[in-house]
Amino acid sequence: QMHFINLTPHDIQLVYQDPDLDHESIDIIPASGILARCDVIKEEVGTAGPVPVYNMTYGPVQGLPEPQADTAYIVSSVVAQSLAGSRDDVLVPIDFVRDDQGQITGCRSLGRLLK
């Protein structure tokens, strides 16, 4: 069985169809308290009217544990993009579930960002 470790600051609700039940189930993957993050490095390159424009690059990822058997790490899309597909154990929430106000309340899938 796959073990998930949530390296984002928010609990994640996985909403899925349980094959043994006739309704949707929700699993909550709590925030682990470990935060995978990367700094955004900004270089000002000009302006667009009155607004400054920056070139942005991601610094190295911090706080991501080494790979472990049967373990997937849930991270932000910024962290996943900066890894550029170098780790197949890093997943991001996708296929969001929203409430009546449009706020994200969960996700139906997890994705792997390649490049």
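Predicted model: local features only at pLDDT ≥ 70, side-chain atom pairs only at ≥ 80, totals over all residues.
## Proline 30

Start with the loop between β3 (24-29) and β4 (37-48). Proline 30 has its place there.

Now compare proline 30 with lysine 42. In sequence, 12 residues separate the two. In space, they are 32 Å apart, C-alpha to C-alpha.

## Strands β2 and β3

Strand β2 covers residues 12-17. It runs antiparallel to β3, and six bridges join the two strands. Look along the pair and you find leucine 14 opposite aspartate 27, which is in β3.

How does the chain get from β2 to β3? A hairpin joins them, through six residues.

## The largest pocket

Rolling a probe the size of a water molecule over the atoms shows where empty space is left. The largest pocket holds about 220 Å³ of space. Its lining counts 15 residues. Nearest the centre lie Thr8, His10, Ile12, Pro93 and Phe96.

Which elements give two or more residues to this lining? They are β2, β7 (90-98) and β8 (104-111). Strand β8 gives the most, with four residues.

The lining can also be sorted by class. Seven of its residues are nonpolar, seven are polar and one is charged.

Key: Residues numbered from 1 in each chain as written. Heavy atoms only, no water. Pairing = 2+ DSSP bridges. 1 Å grid on protein atoms, 1.4 Å probe; cavity = no way out; pocket = protein on both sides within 12 Å on 5 of 7 lines; lining within 4 Å. Points joined across faces, edges and corners; volume = space filled by probe spheres on them. Nonpolar A, V, L, I, M, F, W, Y, C, P; charged D, E, K, R; others polar.
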